[in-house]
Amino acid sequence: MVGELTWPRRLLGLWVPLAALFVFALFPFAWMAATSLKANAELYDPAANPMWIRHPSLVHYIDLFKETNFVLWIGNTMLVALVSTILSLLLGVMLAYPLARMRFPAAGLLAISVAVAYLVPQTLLFVPMADLINRMKLGDSLSAVMLTYPTLLVPFCAWLLIGYFKTVPRELEEAALIDGASRWRAMTRVILPLCTPGFLSAGIFAFTLAQNEFLYALLFLNTSTIRTVPVGVTGELIRGDAFYWGQLMAAALLGSLPVVLIYSFFVKYYVAGLTAGSVKG
Amino acid sequence: MSTNPVLEAARPAARAVPVRRAFQLREWLEREAVFSWLMLTPPLLFLLAFLGYPFCYGVYLSFVRRPVAQPATFVGLGNFVNLWSDSIFWQAVWNTFRFTGAATVLKLVGGLGMALVMHQNFRMKGVTRALLLLPFIVPTVLSTVAWQWILDPGMGMFNRILMYVGLVTQGPSWLGNPTLALVSVILVNTWRGLPFFGITILAGLQTIPTELMETATIDGAGSWQRFRYVTLPLLMPVIFIVTTFSIIFTFFDFQLVYVLTGGGPANATHLMATYAYSISMGGGQMGLGSAAALAMVPMLGLVLVAMSSYVRKA
């Protein structure tokens, strides 16, 4: 901002609101961690300080691994997210490249359709989708979600990549064509390598979206061993009215870990993907 | 790529024709429209099969009565008429509007504040931004389960703290009281979505040239005037897009309410999406459920039209 602020103004204008934001954004994670590390005796003791851990214990984590299919759920989540992200990037490139760099009839209309498709949520389509998947005999299988997640991710990837592809000057492609390269070669050897940051942004973002998906997973994954983390946790750690809070918080923390780890390595690209639509558009 | 006359002349005449044809095919493939459509066809077929077809099929379903595993009978607008006279449906509509409206305003105001606070010079800015974005990264279902535990009436964090400091002897039932339950659902949605607003608006703030601010300062504008007459107008496009996005995704929200309250108590937090789910998956009425889901489209249209006309006026 303009000029240097004096320290009381800096305290009130920066540090106090920043601290408040930190507390607001992060206290649920502290609560998760505190809960998951307390054995039930301490967890449900009304006299104990709720934000303090007197006797740290890993019992909930051990139970989570021993008594539930949590490890399988993590594996399923990663597999589904990985497959659907790769599939979506591939189809997204095929959609975005011509729309961003070629001139042909109906290109404008298609670009708008992609944007509209991005905004169609699974909430709108789940009834017919459930029917469709069942008729394809894919119900209760990981293929069902691997096929349906890209319907959410392809329009998103395409939309983000259109923006990236447009930033590469046309002259580069024309130069390659004049040098005798085919369009395919110009695309794969010249343009696409220049758009690696775009692929990272789209890929990271699609990956977190896939890990976050719940409705299709809830509809299509019924067998315990093929469930993803969100469905497994809500479906099996909450039994009727009994909440296993220690295990639930341990699962919530561990289930978030893969996304958070990947995110922490690629924050820059994630934020680029997050803001691309609204800042550039 | 044109054919090479030297090579062409060197070849025996009999073989010239197939070679020519091969070259023509290649030229044909190099045409922009042909190349484009060859690339576009697979993804478009995929989207038509798994997005276009379900949508049309959903529209068809909304005109039939079809209990699970039974043949469909055409009922015309019957499903919509049923919904029209269904008081729970109207409650879900009303809840959806209140939920979307309140959560959007909170996220927008909080996000704008967060962006302004973050748009200052301080150390570890990158780490701060990464940490404050965490609520948006973590899978919604998992953080919502944590919130369910925070709001637990007996042993949850809120009530434990209230009791620990002696403010109350028995904390309120956050998810059991109809009003508090809706407030809680709005609170959790705000918690998750606020960083998205904050980070995106911050990115918008960073595109505003500092010279503009300096000029305004030299012209005697105070910090409020700089915000009101320089920053805010330049941020409007970003704010408009973020808000539109957020309204759409909040309006269609499902997982938060499904996990936190299941629509209860007594339908006080049912959104159109969770109600459509409970009709179709819980009640087995595929036609009626599909109609309830599709009813979200005109409702959302109303919201977006109202918002854009408000923005145009402002």
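How many residues does the contact take from chain A and from chain B? The contact takes 68 residues from chain A and 73 residues from chain B, where two residues are in contact if their C-beta atoms, placed from the backbone, lie within 7 Å. Before going on, some ground rules: residues are numbered from 1 along each chain as its sequence is written, and chains are lettered from A and ligands numbered from 1 in the order in which they are written. This is a predicted model, so local features need pLDDT of at least 70, side-chain atom pairs count only at pLDDT 80 or more, and totals for chains, interfaces and linings use all residues.

**Stop 1: the A side of the interface**

Select α1 (7-36), α4 (70-101), α6 (122-135), α7 (142-167), α10 (196-212), α12 (229-236), α13 (245-265) and α14 (267-280) of chain A: these are the elements that give two or more residues to the side touching chain B. Helices (H or I, at least four residues) and strands (E, at least two) are DSSP runs, numbered from the N terminus. Color this side of chain A by class and you get 48 nonpolar, 17 polar and three charged residues. Here Ala, Val, Leu, Ile, Met, Phe, Trp, Tyr, Cys and Pro count as nonpolar, Asp, Glu, Lys and Arg as charged, and the others, Gly among them, as polar.

**Stop 2: across to chain B**

Now show α6(A) together with helix α3 (residues 32-61) of chain B. They pack at an angle of about 105 degrees, with their axes 8 Å apart. Axes are lines fitted to C-alpha atoms, for helices over the stretch in contact, and angles run from 0 to 180 degrees between N-to-C directions. That angle makes α6(A) roughly perpendicular to α3(B); the classes are under 35 degrees for roughly parallel, over 145 for roughly antiparallel, 65 to 115 for roughly perpendicular, and oblique for the rest. On the chain A side, pick L125(A), V127(A), P128(A), M129(A) and L132(A); they meet P54(B), F55(B), Y57(B), G58(B) and L61(B).

**Stop 3: helix pairs inside chain A**

The crossing is right-handed (left-handed if the near helix is turned anticlockwise from the far one by less than a right angle, right-handed if clockwise). Show side chains for Y149(A), L152(A), L153(A), F156(A), C157(A), L160(A), L161(A) and Y164(A) in α7(A), which meet G198(A), S201(A), A202(A), A206(A), L209(A) and A210(A) in α10(A). By class, that is 12 nonpolar, two polar and no charged residues.

**Stop 4**

Zoom to the loop between α6 and α7 of chain A, where K137(A) sits. K137(A) is not a glycine, yet has a positive phi of about 60 degrees. Then jump to chain B and find P265(B), in the loop between α13 (255-260) and α14 (272-282). The peptide bond from G264(B) to P265(B) is cis, with omega near -5 degrees.

**Stop 4: zoom out**

Chain A has 14 helices and two strands, and its C-alpha atoms fill a box of roughly 80 × 65 × 30 Å along the principal axes. Chain B has 16 helices and two strands. The radius of gyration of chain B is 28 Å, well over the 20 Å that the globule rule gives for 314 residues, so chain B is more spread out than a compact globule. That radius is taken over C-alpha atoms, and the rule is 2.2 Å times the number of residues to the power 0.38.

**Last stop: color by confidence**

In chain A, α14(A) is lowest with a mean of 74 and α4(A) highest at 94. The model scores ipTM 0.90 and pTM 0.88.

Definitions and conventions. pLDDT is the predictor's confidence in each residue, from 0 to 100.
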